[in-house]
Amino acid sequence: MQPSPQPDPVRPAPCAGLSLSQALRQVQNDASPDNDRDYCRALHDFVRDRVRFGFTSQFETVTPERTLALGRGHCNAQGDLLRALLTTAGIPARLRFVRLDKRVLRHAVPAPVYLFLPEHLFHGLVQARLDGRWLHCDSYLFDPDGFERQYARLLSSGLPRGYGLRLGADCRWSADADSFSQACADDLDDDDPVYDNLAIALQEKAGNNTLLGLHFNQWLRLAPPPLRRRGERYLNSRLHPAR
């Protein structure tokens, strides 16, 4: 997909204090979906446009409600929020985890952090059940303006993946086929673990998102709050411009 020539408007403010049910009502009022497919598209776009891709000190212990309030989250936090909105809306949804090549984060995180990341990341795709089949997506990571900026950087670099995206990425979902921005169809494997939500995946210790042998959450728990805040700013410093 080539970036569109005109960026979308600046993302609305984070939804502090908004419950999942209230978010659903807001989407219903704004998008007036006529069917489940329209509803899926609208909820996808809500997460994409309201939750900025980035890293928080809670990382994968964050709840969907907290991600919604923060207005920021990494791929698995964003996916868990979309999964929660879909299930709250009565649309079956879950998370399927794939092994993602870490090079997708090249130039999206500071170089010292990137160097110590494992070769493959534990990356959750949202699965939504529509018309009797499971559809996959992770196209909600960047809003259209951020997607355009990052994709243009990727094209200029000549790399197949980096800046948080891969070549052929999309930030739109039709809800009648799969749509990816970091993963791709080739990443899917019959042995991929599937969980009802991110909390269960963490409880099962299914992931490998580690740095020097410790899970990212363990590193974050070791740091006092002021250091965590500085760590957040450092981790997100390559995702310019911040809003």
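Visitor: How do you know how many disulfides there are in the whole structure?
Guide: A disulfide is a pair of cysteine sulfur atoms within 2.5 Å, and a search of the whole structure finds zero. Take Cys 137: the nearest cysteine sulfur, that of Cys 40, is 8.4 Å away, so Cys 137 is in no disulfide. Keep in mind that this is a predicted model, where local features need pLDDT of at least 70, side-chain atom pairs count only at pLDDT 80 or more, and totals for chains, interfaces and linings use all residues. Residues are numbered from 1 along each chain as its sequence is written, and side-chain values use heavy atoms, leaving out hydrogens and water.

Visitor: Why is Cys 137 called buried?
Guide: Buried means under 20% relative accessible area, exposed over 50%, and partly exposed in between (1.4 Å probe, protein chains only). Cys 137 has 0%, so it counts as buried. Cys 171, with 5%, is buried too.

Visitor: What makes E3 and E4 a pair?
Guide: Two strands (DSSP runs of E, at least two residues) pair if DSSP finds at least two bridges between them. Nine bridges join E3 (residues 93-101) to E4 (residues 120-130), so they pair, and they run antiparallel. In E4, Ala 128 is the bridge partner of Ala 93.

Visitor: Why are E5 and E8 called edge strands?
Guide: The open sheet has the order E5-E4-E3-E8, and E5 (133-137) and E8 (194-195) each pair on one side only.

Visitor: What does Asn 197 touch?
Guide: Contact means heavy atoms within 4.5 Å. Not counting residues up to four places away in sequence, Asn 197 touches Asp 80, Arg 83 and Leu 95.

Key:
Helix = DSSP H or I, 4+ residues; strand = E, 2+ residues; numbered from the N terminus.
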